[in-house]
Amino acid sequence: MAYVTQNHWAITPVALSELINKKRKELKRNPVDHAAMMMQLVLRSDVTNPGMFDFEAPELRMNAKEILCMETMLDDLFGVALDKTLANHCRYQSISSDKVVPLSTANKESPQEISPRPGLVSKLSRMFGRSQST
């Protein structure tokens, strides 16, 4: 599997095969079975770009270079020229979205000290840096 170090796009293998068959239908060609399609893609990718794609994963993740390679393979194997539009059919994921920590988890890991003094006096004390004794 390719190691993703930057922003990437993701598409499920089923959605990819549906896209290919949709394009083939527009070109008045016969559809290709999903299993046969995946087998052809796996074989071609292992020969031309070994280790670049993981077709066994629930989602096929690709960066910009890998999308161009995939479009070339799809055109060669199935006769569908996507002309740099494959990314439009994928879900975009940025690095920051991969590292998002749920709010409840973030609060448990780094609890912030909450001032026991509510109200205006407490806010003014914090603003001017004075401590107030109770």
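**Exercise 1.** Decide whether Lys-84 is buried or exposed in this predicted model, and state where Lys-84 is found.

*Solution.* Step 1: the relative accessible area of Lys-84 is 66%. Step 2: the cut-off for exposed is over 50%, so Lys-84 is exposed. Step 3: Lys-84 belongs to the loop between H3 and strand E3 (91–93).

**Exercise 2.** Classify Asn-49 as buried or exposed, and list its contacts beyond four places in sequence.

*Solution.* Step 1: Asn-49 is located in the loop between H2 and E2. Step 2: its relative accessibility is 18%. Buried means under 20%, so Asn-49 counts as buried. Step 3: with residues up to four places away left out, Asn-49 touches Arg-44, Cys-69 and Met-73.

**Exercise 3.** Describe how H1 and H2 pack, and name the class of their arrangement.

*Solution.* Step 1: helix H1 (residues 13–26) and helix H2 (residues 34–48) have axes 10 Å apart and an angle of about 100°. Step 2: angles of 65 to 115 degrees count as roughly perpendicular, and H1 and H2 are therefore roughly perpendicular to each other. Step 3: H1 brings Pro-13, Val-14, Leu-16, Ser-17, Ile-20 and Asn-21 to the contact, while H2 brings His-34, Met-37, Met-38 and Leu-41. Step 4: sorted by class, the contact of H1 with H2 holds seven nonpolar, three polar and no charged residues.

**Exercise 4.** Carry out the analysis for H1 and H3, including the handedness of the crossing.

*Solution.* Step 1: the axes of H1 and helix H3 (residues 64–78) come within 12 Å, and the crossing angle is roughly 50°. Step 2: this angle makes H1 oblique to H3. Step 3: the crossing of H1 and H3 is right-handed. Step 4: the contact is formed by Leu-16, Ile-20 and Arg-24 from H1, and by Met-70, Leu-74 and Phe-78 from H3. Step 5: five residues of the contact of H1 with H3 are nonpolar, none is polar and one is charged.

**Exercise 5.** Find which residues touch the most other members of the largest nonpolar core, and which element gives the most to this core.

*Solution.* Step 1: the largest nonpolar core has 24 residues, and those touching the most other members are Leu-16, Leu-41, Phe-53, Met-62, Met-70, Leu-74 and Leu-86. Step 2: strand E1 (8–11), H1, H2, E2 and H3 each give two or more residues to this core. Step 3: H3 gives the most, with six residues.

**Exercise 6.** Describe the surroundings of Met-62 and Leu-86.

*Solution.* Step 1: Met-62 is part of strand E2 (residues 60–62). Step 2: Met-62 is buried, its relative accessible area being 0%. Step 3: not counting residues up to four places away, Met-62 touches His-8, Trp-9, Ile-11, Phe-53, Ile-67, Met-70, Leu-86 and Cys-90. Step 4: Asn-7 is 55 residues from Met-62 along the chain, and their C-alpha atoms are separated by 8.7 Å. Step 5: leaving aside neighbours within four places in sequence, Leu-86 is in contact with Leu-16, Leu-19, Met-62, Ile-67, Met-70 and Glu-71.

Methods
Residues are numbered from 1 along each chain as its sequence is written. This is a predicted model: local features need pLDDT of at least 70, side-chain atom pairs count only at pLDDT 80 or more; totals for chains, interfaces and linings use all residues. Side-chain values use heavy atoms; hydrogens and water are left out. Axes are lines fitted to C-alpha atoms, for helices over the stretch in contact, and angles run from 0 to 180 degrees between N-to-C directions. Helices (H or I, at least four residues) and strands (E, at least two) are DSSP runs, numbered from the N terminus. Angles under 35 degrees count as roughly parallel, over 145 as roughly antiparallel, 65 to 115 as roughly perpendicular and the rest as oblique. Contact means heavy atoms within 4.5 Å. Ala, Val, Leu, Ile, Met, Phe, Trp, Tyr, Cys and Pro count as nonpolar, Asp, Glu, Lys and Arg as charged, and the others, Gly among them, as polar. A crossing is left-handed if the near helix is turned anticlockwise from the far one by less than a right angle, and right-handed if clockwise. Buried means under 20% relative accessible area, exposed over 50%, partly exposed in between (1.4 Å probe, protein chains only). A nonpolar core is a set of buried Ala, Val, Leu, Ile, Met, Phe, Trp, Tyr and Cys residues joined through side-chain atoms within 4.5 Å.
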